[in-house]
Amino acid sequence: MLLRAVLVWMLIAMAETIHGILRVRLLNPRVGDHRARQIAVGTASLIILGIAALTVPWIAPTSPGDALAVGALWLVAMLAFEFSLGRFVFHLKWDRILADFDFRRGGLLGFGMLVLFFAPYLVGRACRLF
């Protein structure tokens, strides 16, 4: 189960990277960076739920705890990926990276991370895997 969860996380990370590139190229010029990031949280959440719907039965969690463990793995891996990419590839300051998580400043990425965490559980319940 763990190997499958990691492989699916890699698929999610790849899909979200492509999603981010498309956001910057297509949406940012039309609505601005901040609004584009807000909109992208919604579309990214749909991508995550879609990938989860297709792959969680294959991952095969047998209990709610298993599904939440998969979600926790995805969350920790994605946070590490996001922070590393922002800091070491784009050379962003911590304040800029964390702004995407600050609801008071309009950052909605925290909501997207909650979707990522709960997606395996929600799909597992919907598919009656446990």
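1. Gln 38 counts as buried, because its relative accessibility is 17% (buried means under 20% relative accessible area, exposed over 50% and partly exposed in between, with a 1.4 Å probe and protein chains only). The residue belongs to helix H2, residues 33–59 (helices are DSSP runs of H or I with at least four residues, numbered from the N terminus). Leaving aside residues up to four places away in sequence, Gln 38 touches Gly 106 and Leu 108, where contact means heavy atoms within 4.5 Å.

2. This is a predicted model, in which local features need pLDDT of at least 70 and side-chain atom pairs count only at pLDDT 80 or more, while totals for chains, interfaces and linings use all residues. Residues are numbered from 1 along each chain as its sequence is written, and side-chain values use heavy atoms, with hydrogens and water left out.

3. Leu 109 lies in helix H5 and is buried, with a relative accessible area of 19%. Its contacts, residues up to four places away in sequence not being counted, are Val 41, Glu 82, Asp 100 and Phe 101. The C-alpha atoms of Leu 109 and Ala 99 are 9.0 Å apart, the two residues being 10 residues apart along the chain.

4. The lining of the largest pocket comprises 37 residues, and Gly 20, Arg 23, Arg 37, Glu 82 and Asp 100 lie nearest the pocket centre. A pocket is an open set of points on a 1 Å grid over the protein atoms alone, where a 1.4 Å probe fits, with protein on both sides within 12 Å along at least five of seven lines; lining residues have an atom within 4 Å of a point. H2 gives the most to this lining, with 9 residues.

Notes: Helix = DSSP H or I, 4+ residues; strand = E, 2+ residues; numbered from the N terminus.
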